[in-house]
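Subject: Structure for your review

Hello,

Here is the structure for you to look at. My notes on it come after the display.

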Amino acid sequence: MSVVQHAKAYTEHDFGKTELTPAYRIDLRDPTLSNENIDKFINANLVSDWSQLTWKQVKKPYIVKTEAASKQQWESEHGTMSVKQSWEFFNRSFHEWFVKDVPTELVQSKQQLWRYLSRFEISEVKKALGETLRLSLWNYAHRIEDGVWDPRGKRALFDGLDVHKPRILFLGAAEGYEAMQLHAMYPGGEVVLVDYDEFCKTDRFGHFPDSYPFLGSNPATGQAKVWYKNQMNIHYVVDDIRNLPFGKEFDIVLSVGLLEHFPDEHKHEALNWHRKFLKPGGYAIMTTPRHQLKSVLFYKIMADVMNHTYRELMDIRQMGLYVYEGGFDILRHGFIKVHNGIVAKPR
Ligand SMILES: C[S@@+](CC[C@H](N)C(=O)[O-])C[C@H]1O[C@@H](n2cnc3c(N)ncnc32)[C@H](O)[C@@H]1O
């Protein structure tokens, strides 16, 4: 499947615009030029003293139970899939959705549905209905609402960090989106993306559109500026996070949708990774999917696309308690469109 690229190059003259391409939204609405509060991080401010919060009060996260059919099929033939293999299945399956021409595929899938309906081919009707539903949901959640990349929410979450030309480490980077957004906002440093699935380097990051504009800042003027992937100083390391040779050398260590994939007995290890590579005074930034009804439905409907690995949905107090118990002081906690977000420093 080919990557949907758009030819147009965006510049500072396009500030204020938002446009839909067949695969995703372009969003160059500059928050500083608008009266609306469009870069949204809802500061939850729910907890002032994390040491007083208990698991009895907050309960444990919701565990997503529906598994992808491809995983079940594979396991019925070969036995239990390793965690790394399940990520390899996930990344190939998820990537396909980012490169779809969604409106065209939606039209085709509806036509297909009508053809099967008119011939009373009930099992094919069921499949076509499922595909139409998934495409409609993806169209709304990713393309129209921009809930997956959520550049405005991420910019608001990353806003106001005390860093200059930061070195940024992204753990479980996949296509690297959030580190590119951070690098655009705080330019001049370096991004290191880490993922043990080679496909993430070659395809998810490799085919991430060169023409996607990130709204960031111009180091010369401090004004807003459009940045592109190929203007950034990015290194992609394909390795297990447990093997990384780095010391405490990064200003920001970031993960997006990583912590919720570790059952409780492994959460401490995952949280340690966020501390291990941080300079004194550096920031750990983490997000996890929110436990809300629409997310529960999303992971049910998209199970065949998404559910190859262990996954929890949590609220911000549950996430915060994990992070606090993992040895961090929480500077900000709240939520963006579909994720919780935390900015923290090691205690
Ligand atoms: C759920 S993804 C992160 C979400 C991401 N934003 C996306 O769009 O898919 C987690 C990533 O972490 C990687 N990963 C998990 N455990 C890892 C480990 N121990 N070392 C390196 N990468 C790891 C997986 O390969 C996967 O690409």
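This is a predicted model: local features need pLDDT of at least 70, side-chain atom pairs count only at pLDDT 80 or more; totals for chains, interfaces and linings use all residues.

Eight strands form an open sheet with mixed pairing, in the order 3-13-14-11-10-5-6-9. Strand 3 (42–43) and strand 9 (234–237) are at the edges with a single partner strand each, so one side of each has no neighbour in the sheet. Helix 12 (residues 316–325) packs on the sheet and touches strand 11 (278–289), strand 13 (328–335) and strand 14 (339–346). The direction of helix 12 makes about 165 degrees with that of strand 13.

Strand 14 has antiparallel partners on both sides. With strand 13 it is joined by seven bridges, and the two strands form a hairpin with three residues between them. One of the pairs here is Asp-329 with Lys-345 in strand 14. With strand 11, strand 14 pairs in the antiparallel sense over six bridges, and Thr-288 stands opposite Asn-340. Seven of the eight residues of strand 14 are buried, so this strand is largely enclosed by the rest of the structure.

Elsewhere in the sheet, strand 5 (residues 167–171) and strand 10 (residues 250–256) run parallel and pair over three bridges. Ile-168 has Ile-252 of strand 10 as its bridge partner.

His-183. This residue belongs to helix 7 (residues 177–185). His-183 counts as buried because it has 26 C-beta neighbours inside 10 Å, where 20 or more is the cut-off. Leaving out residues up to four places away in sequence, His-183 touches Ile-168, Val-191 and Met-232. Ile-168 is also the residue that is bridged to Ile-252. His-183 and Met-232 are 49 residues apart in sequence, while their C-alpha atoms are 7.4 Å apart in space.

The ligand. The shell around the ligand has 16 residues, and the closest are Trp-87, Gly-172, Ala-174, Tyr-196 and Gly-257. By class, the shell divides into nine nonpolar, three polar and four charged residues. Helix 3 (residues 83–98) supplies the largest share of the shell, with three residues.

The annotation. UniProt, in an unreviewed entry, lists residues 224–282 as "domain: Methyltransferase". In the model, the chain over residues 224–282 is 22% helix and 34% strand. The end C-alpha atoms of that stretch are 24 Å apart.

Regards

Methods: Residues are numbered from 1 along each chain as its sequence is written. UniProt positions are given in the numbering used here, feature names are shortened, and annotations may be inferred rather than shown by experiment. Helices (H or I, at least four residues) and strands (E, at least two) are DSSP runs, numbered from the N terminus. A residue is near a molecule or strand if its C-beta atom, placed from the backbone, lies within 6 Å of it. Ala, Val, Leu, Ile, Met, Phe, Trp, Tyr, Cys and Pro count as nonpolar, Asp, Glu, Lys and Arg as charged, and the others, Gly among them, as polar. Two strands pair if DSSP finds at least two bridges between them. Two residues are in contact if their C-beta atoms, placed from the backbone, lie within 7 Å. Axes are lines fitted to C-alpha atoms, for helices over the stretch in contact, and angles run from 0 to 180 degrees between N-to-C directions. A residue is buried if 20 or more other C-beta atoms lie within 10 Å of its own, exposed if 12 or fewer, and partly exposed in between; C-beta atoms are placed from the backbone.
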